[in-house]
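Hello,

Here is the structure I promised to pass on. Have a look first, and my notes follow below.

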Amino acid sequence: MSRTPLIVGNWKMYKTVAETRDFCLRLKDEMAFTKGKQVEVAVAPPFTALSAAAQALRGSFISVAAQDVFWAESGAYTGEVSAKMLTEVGCHFGIVGHSERRQYFHETDVSINKKAAALMKEGLIPILCLGETLSERQGGSTLVVVERQTRQGLKGLAVQDPQKLVMAYEPVWAIGTGQTATPNQAQEVQAFLRKLLAEIFSPNMAEGVRILYGGSVKPENIGELMAMNDVDGALVGGASLEVKSFAQIVRGSISP
Ligand code: 13P
């Protein structure tokens, strides 16, 4: 398997510009151990701090991700930010479809699909999030739900380079709850997603696209998650807010 592990810190609505600058400068130092190792790292600060993060991380291998984007190129959309604006401030990735956006901001598979397309058009790499709720899992519909989210989220996207897309399986019941999916639960869904990618795109895409796991990832559980064949990295919330714990997660994602 030749997929390079990818660890992304999703800061959600935490950290000011000053805190971001401080974090990123310390993270750069802390990442010295990754030299010569196969790993990619990104942080996703709030919009207001993207530029500060990109500046502080300049010259390092750590990249910047936006937590969301709007699908139009420009227009009368009060409060929104376009993909081009994200490129301008130094973003490399854009998260779309996070369950908090689906839940609190009523995002649909259709709008998420348009957002992913807008990012790709601008040359940014979408990190498409999906995952079932607790009641969906208990009702036995996990795979049906993630299949719908995947097919609709990726609808009409013509992508041939596996490096240009990242998927993130984040079971809603595992986010911010301390209750991580077991490695086998993550593996079951992520192997299923990889098969779907082969159907939607091609075997080559399926083999190369990174599928991250997210939901209560911590330094203590990253190793067992990464040991799974189809877990290629992590989308980390709470534990990405401290340099030390985030760095430990990066360390734990590197193959020995
Ligand atoms: P936690 O790691 O805090 O559970 O959050 C996961 C998440 O939502 C990352 O996008």
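Around the ligand there are 13 residues, and K12, H98, G176, S216 and G238 come nearest; a residue counts as near if one of its heavy atoms lies within 4 Å. This is a predicted model, with local features needing pLDDT of at least 70 and side-chain atom pairs pLDDT 80 or more, while totals for chains, interfaces and linings use all residues. Residues are numbered from 1 along each chain as its sequence is written, and side-chain values use heavy atoms, with hydrogens and water left out.

Oxygen atoms of the ligand have polar contacts (pairs of N or O atoms within 3.5 Å): a side-chain N or O atom of N10 is 3.0 Å away, a backbone one of S216 2.8 Å and a backbone one of G237 2.9 Å. The protein covers 94% of the 310 Å² of accessible area that the ligand has on its own (Shrake-Rupley method, 1.4 Å probe).

Now the fold. Eight strands (DSSP E runs of at least two residues) close into a barrel, β1 through β8 in order, with parallel pairing; pairing takes at least two DSSP bridges. Strands β7 (residues 210-214) and β8 (residues 233-236) pair over two bridges, and Y213 stands opposite A234 in β8.

Helix α8 (residues 183-200; helices are DSSP H or I runs of at least four residues) packs on the sheet and touches β5, β6 and β7, contact meaning heavy atoms within 4.5 Å. Helix α11 (residues 243-253) also packs on the sheet, touching β1, β2 and β8.

Best wishes

Methods: A polar contact is a pair of N or O atoms within 3.5 Å; within protein, one must be able to donate a hydrogen and the other to accept it, and residues adjacent in sequence count only if both atoms are side-chain atoms. Axes are lines fitted to C-alpha atoms, for helices over the stretch in contact, and angles run from 0 to 180 degrees between N-to-C directions.
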